[in-house]
Amino acid sequence: MTVYHFTGIKGSGMSSLAQILFDSGEQVQGSDIETYFFTEEPLRKRNITILPFDANNITEGMTVIAGNAFPDSHPEIVRAKELGVEVIRYHKFLGNYLEKFTSVAITGAHGKTSTTGLMAHVLEGANPTSYLIGDGTGGGAKNAQNLVMEACEYRRHFLAYHPDYAVMTNIDFDHPDYYKDIEDVFDAFQTMALQVKKAIVACGDDEHLQKIKANVPVVYYGFGSENDFEARNVEKTTTGTSFEVYVRNEFYNKFFIPMFGDHNVLNTLAVISLCHYEGLPADLIQERLHTYQGVKRRFTETNIGKRTLIDDYAHHPTEISATIQSARQKYPNRELVAIFQPHTFTRTKAFLQNFADSLSKADSVYLCDIFGSAREKSGALSIQDLANLIEGSKVLTMDVIPDLLTHEDSVFLFMGAGDIHKFQNAFENTIKENI
């Protein structure tokens with residue numbers, strides 16, 4: 001039996017794929033740097049071997065799945081080629097693998113992870129379903145009929161996939177280190193649309209997605225009355241959100257979700273639309289919506305004393321606004337404290353004013369130093385440039401974490417795609433020390 005060796009196994013997609021293959025009965029191991037990442041937890045629970053990077057990890061008879069972040073000059077990839085061992089990039093391997101299933105690719109600038117998790121959970125109620133989520137979570141079901149996967153548009157990686165279905169949540173300008181402008185982003189999604197085999201489920205409230213051309217049916221969902229699937233009579237409470245779904249202006253069913261914010265209504269509507277298309281009954285869909293536990297780092301709550309700490313991956317102005325809106329719905333009478341760490345210098349520069357506008361919707365704002373990336377370790381601006389645009393904001397360092405204690409009965413939103421968790425962990429410890 002082939003041993004699948006993952007070079008960069010702690011990567012969010014890589015970790016998820018390793019879990020799927022392992023659960024499906026394959027032999028799996030991998031390598032990475034020794035720094036702790038939350039994506040390694042599910043690997044360690046499965047006792048999957050994680051080695052330090054080393055050319056000697058590679059032996060004959062393996063298949064090496066290489067993370068997209070590692071160049072061909074990486075010692076493990078060089079050794080594999082010397083030995084004649086097959087090396088296949090993550091996105092290409094996944095593109096081939098999904099051909100075995102009824103595949104659903106979830107893509108969009110925002111909402112991919114949450115929608116992927118929800119879609120997999122609901123479909124699993126009808127048929128065995130494997131899933132790959134971009135938060136480092138994956139699962140391989142025995143005799144799986146469906147594969148639900150997060151498909152990222154960065155560097156057009158999702159063009160390696162030819163799925164049966166694609167869900168497109170939105171098109172927005174992001175990844176300014178790669179895409180030139182919104183037209184460049186649209187071009188990538190348009191190319192992806194032409195690779196879909198059965199149908200596209202797209203948010204019709206998004207002006208860019210309205211222009212998508214495809215060789216398969218495009219089913220639109222949203223709040224607008226022109227959509228095929230429309231959410232009406234939305235009721236928001238501190239326990240969740242209910243809404244009615246109309247299919248081409250005919251009442252279909254009323255649904256309740258234990259989630260908050262308009263974006264979660266839209267994500268759920270995308271799932272309902274595809275499941276209706278696939279013939280799943282409404283009562284099964286509702287039952288699964290009730291039991292959904294969410295995905296990691298998406299409005300993940302921790303309560304300590306009177307304080308509520310929320311961990312969220314939000315790293316784009318649109319996502320920050322959505323997270324703050326969700327918190328306002330669930331905690332309408334409490335102070336919202338935003339603690340934000342920008343991710344990459346190019347994104348911070350491109351959206352500087354947008355970040356300021358979205359963060360200003362919180363009651364208090366703390367900013368952490370910009371988190372670079374493997375491709376981009378420095379830039380021409382600093383966190384102070386953002387702080388200057390947000391009245392009353394403060395720069396937060398590990399030394400002044402205790403300053404957050406001045407906010408007593410508050411909700412703390414720790415947002416970012418870097419190592420923002422270290423600030424939350426430090427604050428949790430500080431609270432416990434002062435109880």
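**Before anything else.** I remind myself that this is a predicted model.

**Cores.** I started with the nonpolar cores. The largest has 113 residues, and F6, I65, L359 and L386 are the ones with the most contacts inside it. I then checked which helix gives the most to this core: α7 does, with eight residues. There is also a second, separate core of 17 residues, and L309, Y366, I401 and F427 are among its members.

**F6.** I picked F6 to see what it touches, ignoring its neighbours within four places in sequence. Its contacts are M14, L17, A18, L21, V28, Q29, G30, S31 and I65. I had already met I65, listed with F6 among the residues with the most contacts inside the largest core.

**Helix α9.** Next I asked myself how the end-to-end distance of α9 fits its 14 residues. At 1.5 Å a residue α9 should span 20 Å, and its end C-alpha atoms are 20 Å apart, so the two agree. Then I looked at burial. Ten of the 14 residues are buried, so α9 is largely enclosed by the rest of the structure. I wrote down the buried ones: P317, E319, I320, S321, A322, T323, I324, S326, A327 and Q329.

**Helix α11.** This helix covers residues 352–359, and L352, F355, A356, S358 and L359 are buried in it. What lies over them? I found that the cover includes the helices α9, α10 and α12, along with the strands β18, β19 and β21. L359 is also one of the residues with the most contacts inside the largest core.

**A387.** This residue sits in helix α12. Is A387 buried or exposed? Its relative accessibility is 9%, so I count A387 as buried. Apart from neighbours within four places in sequence, A387 is in contact with L367, S393 and V395. I also looked up its distance to V265, 122 residues away along the chain: the two C-alpha atoms are separated by 32 Å.

**Cavity.** I listed its lining as S114, T115, L118, M259, N264, N267, T268 and Y292. Helices α5 and α7 each supply at least two of the lining residues. Sorting the lining by class, I got three nonpolar, five polar and no charged residues.

Notes: Residues are numbered from 1 along each chain as its sequence is written. This is a predicted model: local features need pLDDT of at least 70, side-chain atom pairs count only at pLDDT 80 or more; totals for chains, interfaces and linings use all residues. Side-chain values use heavy atoms; hydrogens and water are left out. On a 1 Å grid over the protein atoms alone, a cavity is a set of points where a 1.4 Å probe fits but cannot get out, and a pocket is an open set with protein on both sides within 12 Å along at least five of seven lines; lining residues have an atom within 4 Å of a point. Helices (H or I, at least four residues) and strands (E, at least two) are DSSP runs, numbered from the N terminus. Ala, Val, Leu, Ile, Met, Phe, Trp, Tyr, Cys and Pro count as nonpolar, Asp, Glu, Lys and Arg as charged, and the others, Gly among them, as polar. Buried means under 20% relative accessible area, exposed over 50%, partly exposed in between (1.4 Å probe, protein chains only). Contact means heavy atoms within 4.5 Å. The expected span of a helix is 1.5 Å times one less than its number of residues. A nonpolar core is a set of buried Ala, Val, Leu, Ile, Met, Phe, Trp, Tyr and Cys residues joined through side-chain atoms within 4.5 Å.
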